[in-house]
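Let's take a friendly tour of a ligand site and of the confidence behind it. Have the model open as you read.

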Amino acid sequence: MQAAAKAHGPAAAALPAARRPRPAAAAACRPGLRFQATPERRVPQDAPARQLAAKASSTGAAAVEQAPTQQAPAPPTEVKYAAKLEVLPLNPKCDSIRVSCSERLSEVEFNQRHGTTTNAYLLKGSGGRYEALIDVPSRVFDVDFVRALRDLGATSSLRYIIITRLTPERLPVLARVLAACEQQGLQLLLSNPALRLLNERAEADEALASALRNVQLEAVSRGSELYLTQRGQARGRRLRFIPIPTPRWPDLMAVHSDEDNILFSSNFFSAHNASEALLPTANGGRRSAADTGGWDVFGNDWAFYYECMLAPVARQVATALDRLNITATQSQGSLAAVLAPLRRLAAVVEELTLGADNGESEPLPVSMIAPMHGPVVKQALTELLGRYADWTAAQVQAAESSCVAVLYASAYGNTASLAQAISHGITKAGVAVETLNLEQAGLDELERALDRCQGFVLGSPTLGGHLPTQVQTALGTIIRNANARQVPCSVFGSFGWSGEAVDIMEKRLKDAGFRFAFDPIRCKFKPTGQTLQVCEESGLDLAQEIRKAAKRKEKLAAAKLSVAETASGKALAVARVLGSLCVLTARDGEEEGAAEGAMLASWVSQASFDPPGLTVAVKRDRAMESLLPVGASFVLNVLAEGREKAMMKQMLKPFKPAEDRFEGVEVQRSEATGAVIIPEAAAYLECKVEDRMDAGDHVVLYASVDSGQVLDDTAQTSVHYRKVGSSY
Ligand SMILES: Cc1cc2nc3c(=O)[nH]c(=O)nc-3n(C[C@H](O)[C@H](O)[C@H](O)COP(=O)(O)O)c2cc1C
C-alpha cells in the first residue's frame with residue numbers, strides 16, 4: 001500500500017473473546033402497538049450496544065452490566081438462504097462474483113420481494129493474478145465463497161481485501177476469507193467506522209480475532225490511494241478511496257479504479273433484484289455482469305432502491321454525489337443530457353449547508369459502476385446518473401417546504417430498520433425525510449433539523465433499561481425546541497424484554513405537551529414484515545397529516561392575500577355555523593400590548609342571510625365580555641371534528657390575567673384586527689358586534705360577518721354534546 005492515509009494505523013492484535021450476559025427471552029405485556037418477535041436468528045452482539053451504552057447515564061450503564069436474571073434466550077438458529085454463485089467478467093482484469101438469491105428478502109424487507117444479488121469483485125494486478133478482492137457476501141447465503149476463491153486461485157495470490165461496507169452478517173465470511181488467504185502481509189482496507197466495528201467484534205469473536213492475527217489493518221480515508229503492483233515492477237492499477245457515509249451506513253465508501261474507470265460504488269447505484277439472476281443469457285448463452293437491457297429493464301429496481309434507502313438521507317446523498325463528481329466516459333446519451341441534471345444538483349448542493357467538507361473534487365471519469373447489489377451499470381450509466389441527480393435535488397428541495405425529521409439510534413440495526421420503514425412511508429406520501437443517526441449527528445445538526453421540520457419521529461433501543469445517552473440528550477434538545485413543540489410526532493424502538501426506552505420517550509414528550517400523530521411503535525428484537533408494514537403506514541399517515549396542514553396554511557395565506565373577500569368564501573364559512581364548537585378571539589386594537597382574549601363558544605347560531613349575521617351568547621362574568629362592545633370586532637374559529645381536543649384543553653387551562661392564551665400554539669392573525677385565527681380550525685369568520693341583548697346570565701351578541709374562509713373543506717364541524725342543560 002503506498003501513500004495510504006493511515007488514520008488509524010495497523011490495529012493491534014485482537015483481544016480474546018469476552019463473554020457477555022445474554023438477554024433473557026421473557027417479554028412483559030405492554031400497551032400500545034405490540035408485535036410478536038421473530039425467533040432471534042442471531043445472538044444479540046453486545047459490542048455496539050456497549051458503544052451506545054458506554055456513554056449512557058450511570059443508571060443505564062450500571063444496569064447493562066447486571067445480567068438479566070430471567071430465563072436464558074433460546075439458542076439462535078442460523079437461517080441460510082439457497083443462493084447461487086456466478087463468476088462473471090467485467091473486463092480482462094476484473095471479475096465480479098455474483099451471489100443471487102430469490103428467496104432472501106432485501107434489506108428493505110417489505111413490498112418488493114424480488115430477492116437480491118450481492119456482488120464481490122476480484123481485481124487483477126499487472127501480473128495477471130488476482131491481487132485485490134472488493135467485498136464479501138453475507139453469511140446468510142448458502143454459498144461456499146471461500147471455495148470459489150480457491151477454485152479461481154485467488155486465495156494464493158490476494159494481497160488486499162477491501163471492504164466498502166461492513167455488516168455483522170458479513171464478518172464470518174470475511175474471517176473465513178482472511179483465514180484462507182496464504183499471502184504474507186495480507187492487508188485489509190476499510191473505513192474508520194468499519195475498522196472500529198471490526199475491532200469491537202473481534203473482542204468477542206475468537207474466530208475473527210484469530211483470522212485477523214496475521215492481517216495488516218489499514219483505515220482508508222478521503223484521498224487514500226492504493227497501487228496494485230507485482231513485486232519489483234512499476235506502479236500498476238491505481239485505486240482511490242472515497243468515503244460516502246450516510247446515517248444508516250456510516251462506514252460506506254466507494255473505490256475508483258483509474259486504469260479502467262470502474263467505480264465500485266458499494267450501496268449507491270444498487271438494486272435489489274434476483275430475477276433469474278439478472279436476466280439475459282444472450283451472447284451465446286453467457287450471462288453478463290452488466291445491465292443488459294438498460295433502464296427499461298432495471299429502471300424500476302434502481303428507483304425503488306433509491307426511494308427506500310437513499311431518499312430519506314438525500315442531503316447526505318447530495319454531499320456524496322458532489323464528492324464523487326462522476327463524469328460518464330462512455331456516455332450513451334448526449335453530454336448535455338448527462339450534465340443538465342448534475343448541474344441542477346450542483347446548484348442545490350451549493351445552497352445546502354453541508355458542514356466542513358466542502359472541498360472541490362476533481363471530476364471522476366467513470367465507464368461503469370460496479371455496485372454492491374444488482375447489475376453493473378454500463379448501458380444505463382448516463383440515465384442512472386441523471387436520475388440520481390434529479391431525485392436527490394427534488395428530495396432536498398422538497399425538504400425545504402415539508403420535511404419530517406427521523407431521529408434514531410440503533411446498536412444492532414433493529415431500530416434502524418423501523419426508522420427506514422417509517423421514512424419510506426413518509427417519502428411515499430411525497431414528504432421529504434431528513435434522517436439523523438443520533439450516534440453521529442452533532443447537536444447543531446439536530447437543532448437545524450428540528451427548526452425546519454413539520455413533524456418528527458424519535459427511535460431508540462432499550463439498553464440496560466434505559467435510553468442511550470445520545471437519545472437522552474436529543475430528547476432534551478427536542479423538548480426545548482420551539483418549532484418541534486408545535487409539530488406532530490411519535491416514538492418507536494426495538495427492545496428485548498423490558499423495553500423502557502419507548503415508554504420514557506413517550507412520557508417525556510406527552511408531559512411536555514407534544515402531539516402524537518400515531519401510537520408509539522414497540523418491536524421485540526428484529527422487526528417482522530408486519531411490523532415494518534405498520535411502520536410504513538404510520539409514516540404515511542404522519543406525512544398525510546402534514547400535507548393537509550400545509551394545504552390549510554396555503555389556503556389561509558391565499559385568503560389573506562385576496563384583498564376583496566369573495567362572497568362565496570364568506571357564505572361557505574357561515575354554513576359551518578350550527579351550534580358549533582368555536583373559539584372566539586378578539587383584540588382591542590393593533591398596537592403592541594393591546595388587550596386580547598379568547599374563549600370557547602358553542603352557543604352560536606346563524607341569525608341573518610343578508611347581510612350574513614349570527615348570534616353568540618357570552619356569559620356575563622367572562623373577562624372577554626368587556627372586549628365585545630357594540631362596534632368591536634372578533635374572529636369566530638369553527639373547530640374541526642376530531643381536531644378539537646388540543647384546543648379545548650388549551651382554552652380550559654387556568655390562566656393568569658393578560659397571559660397569552662395561545663402560548664406554544666401555532667396561530668395566524670387577522671390582518672384587519674390582529675385577532676387570532678386558528679389554522680387547525682374548519683373555518684373562520686371575521687365579525688363585528690352590531691347589537692347586544694341581555695339574556696339572563698348571558699349577553700347575546702348579534703354580529704355581522706365581514707369575511708370568512710373555509711380552511712378544511714373535508715372537515716366536519718365539531719359539536720359539543722352536553723349531558724344537562726344547566727352547564728356547558
Ligand atoms: C447490553 C444489552 C443491554 C440490553 N438491555 C435491555 C433492557 O434493559 N431491556 C430490554 O428490553 N432490552 C434490552 N436489550 C435488548 C435490545 O434492546 C434489543 O436487542 C434491541 O433489538 C436492540 O435494538 P437495536 O438493534 O436498534 O439496537 C439489551 C441488549 C444488550 C445487548
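## The shell around the ligand

In this predicted model, the shell around the ligand is made up of 9 nonpolar, 11 polar and 1 charged residues. Here Ala, Val, Leu, Ile, Met, Phe, Trp, Tyr, Cys and Pro are nonpolar, Asp, Glu, Lys and Arg are charged, and the others, Gly among them, are polar. In total, 21 residues surround the ligand, and the closest are Ala411, Tyr412, Thr415, Gly465 and Ser494; being near takes a heavy atom within 4 Å.

## Backbone contacts and burial

For Asn414 the distance is 2.7 Å, for Ser498 it is 2.7 Å, and for Gly413 it is 3.2 Å. A polar contact is a pair of N or O atoms within 3.5 Å.

On its own the ligand exposes 640 Å², of which the protein buries 94% (Shrake-Rupley areas, 1.4 Å probe). Helix 12 (414-428) and strand 20 (489-495) each give two or more residues to the shell; these are DSSP runs, of at least four residues (H or I) for helices and at least two (E) for strands.

## Confidence

The average pLDDT, the predictor's confidence in each residue from 0 to 100, is 81 for the protein, and 80% of the residues score at least 70. Over residues 53-76 the pLDDT is below 50, and this stretch has 36 contacts beyond near neighbours in sequence, a contact being heavy atoms within 4.5 Å. Residues 351-358 also stay under 50, with 8 contacts beyond four places in sequence.

## Conventions

Residues are numbered from 1 along each chain as its sequence is written, and side-chain values use heavy atoms, leaving out hydrogens and water. Local features need pLDDT of at least 70 and side-chain atom pairs count only at 80 or more, while totals for chains, interfaces and linings use all residues.

Key. Polar contact = N/O pair within 3.5 Å; in protein donor to acceptor, adjacent residues only side chain to side chain.
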